Amino acid sequence: MLLRVSLLLTLVLLITNCKMSNKKEDQKKQINIAYVDGWAEGIAMTAITKEILTQKGYEVKMQTAALDLIFASMANGDTDVFMDVWLPVSQGKKVAKFKDEIESLGVNFDNAKIGLVVPQYVNISSVDELNQHADKFDDRIVGIEKGAGITIKTNEAIEAYDLSLEQMNASGVAMLAELQKAIQANKWVVVTGWAPHWKFGRYDLKFLDDPKGIFGEAQNIETYARKGFKEEDPFAAKYFSNFSLSEAQLSNLLVVMEDANDLEAGAKKWVAQNKDLVATWLK
C-alpha cells in the first residue's frame, strides 16, 4: 500500500513539474523583428540582436518585407520592431503617417548618408553633371525598391536637376549586382547609394555632390517599435534603447556579416568578438 502511494505521489510530482515546465516554455518571450532584404546595415543589426536576445532566452523571429509593409505591420501590431528607420529625410514621411501607432526606441547610428553614387573612375563630381554624360550611363540611374526613401528622393532630384536619366527600380541586391558588373567592365554606372554599407569597403566609390541639397545631410538610423512594446517588454525595450554603434563598429559589423557563410554564423562571430560592447546594451 505504501509503495502504491509513493508511486502515485511520484507520478503526481512528475506531471506537475512537466506542466510547470511547459507553462514556463509557453511564457518564453517572443519578438518579431522586420528587415528589408538587401539593406545590409538593417540585416546585420537585426541578426546580431537575434543572437544576443536568443542567448537571453527570447524567441526572436526575423521577417523580411517591403518597407511600406513593415510600417503598416508595426502599426497594426503584427511586427514588434524595425531597426532600420532613416531620419529625418529618407523615412520621415512614413514615420509621420503612423506616428500614433509606432514610437522610437533609440538611435543606432548618427552619421548615415544617402545620395547618388558612382565608381571613382567616373570623372564627374556632381549630380548636375549627369546630363552631360547621360549616354555613358545608358540614360539610367540604377535604383532599389520603389517604396524606399532614397527612391523618392532620387525622383525629386531628377525633377530638381531636370535630369534626362530615368531611375530603374529593382532591389538592393539587384542594384549591387549591376554595380559589380559595371565595375568589372570598367563601365560608367550611377546607383542610388547609402552609407554605411559594405560596398564602400569593397569598391572604390564616391557620392556625387548635391548642390541643391535634395538628399539632405547626415541622418540617424533609429529603431522603431509598435506602440505598447516598451510597456510589455521593458528589458528588450531597454536593450534597443542602449543599442548604438560608432562608424568603426558598424563598418566592422558589415564586413564580418558580408564575409560570413550565413547570417547566424556571422552574428555569432561578431557577438563573441564584441562582448564588452554587447554588455553595455544589456545593462
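This is a predicted model: local features need pLDDT of at least 70, side-chain atom pairs count only at pLDDT 80 or more; totals for chains, interfaces and linings use all residues.
Biologist: Let's take one residue. Why is His-133 called buried?

Modeller: Buried means under 20% relative accessible area. His-133 has 19% relative accessibility, so His-133 counts as buried. You will find His-133 in the loop between strand S4 (102-119) and strand S5 (140-142). Leaving aside neighbours within four places in sequence, His-133 is in contact with Ile-124 and Trp-188.

Biologist: Asp-139 belongs to that S4 to S5 loop too. Why is Asp-139 called partly exposed?

Modeller: Partly exposed covers the range between the 20% limit for buried and the 50% limit for exposed. Asp-139 has a relative accessible area of 41%, so it is partly exposed. Beyond four places in sequence, Asp-139 is in contact with Ala-134, Ser-164, Leu-165 and Glu-166. Asp-139 and Met-168 are 29 residues apart in sequence, and their C-alpha atoms are 9.9 Å apart.

Biologist: Now a helix residue, please. Why is Thr-154 called buried?

Modeller: The relative accessible area of Thr-154 is 0%, which is under the 20% limit, so Thr-154 is buried. This residue lies in helix H5 (residues 149-160). Leaving aside neighbours within four places, Thr-154 is in contact with Leu-116, Ile-141, Gln-167, Thr-192 and Phe-215.

Biologist: Which other residues of H5 are buried, and what covers them?

Modeller: Besides Thr-154, the buried residues of H5 are Gly-149, Ile-150, Thr-151, Lys-153, Ala-157 and Ile-158. The cover for the buried residues of H5 includes helix H3 (67-75), S4, S5, strand S6 (166-168) and strand S7 (191-195).

Biologist: What makes H2 mostly covered?

Modeller: The count of buried residues: 13 of the 16 residues in H2 are buried.

Biologist: And the nonpolar core: which residues touch the most other members?

Modeller: In the largest nonpolar core, with 88 residues, they are Leu-130, Phe-240, Trp-270 and Trp-281. S4 gives this core its largest share, 8 residues. In soluble globular proteins, nonpolar side chains tend to be buried together.

Biologist: How do you know that Trp-270 and Ile-48 are in contact?

Modeller: Contact means heavy atoms within 4.5 Å. Ile-48 is among the residues in contact with Trp-270 once neighbours within four places are left aside, so this pair has heavy atoms within 4.5 Å. Others on that list include Leu-245, Val-256 and Trp-281.

Biologist: How many positive and negative side chains are there?

Modeller: There are 32 positive and 39 negative side chains, and the centres of the two sets lie 8 Å apart.

Methods. Residues are numbered from 1 along each chain as its sequence is written. Side-chain values use heavy atoms; hydrogens and water are left out. Buried means under 20% relative accessible area, exposed over 50%, partly exposed in between (1.4 Å probe, protein chains only). Helices (H or I, at least four residues) and strands (E, at least two) are DSSP runs, numbered from the N terminus. Lys and Arg count as positive and Asp and Glu as negative; His and the chain ends are not counted. The place of a charge is taken as NZ of Lys, CZ of Arg, CG of Asp or CD of Glu. A nonpolar core is a set of buried Ala, Val, Leu, Ile, Met, Phe, Trp, Tyr and Cys residues joined through side-chain atoms within 4.5 Å.
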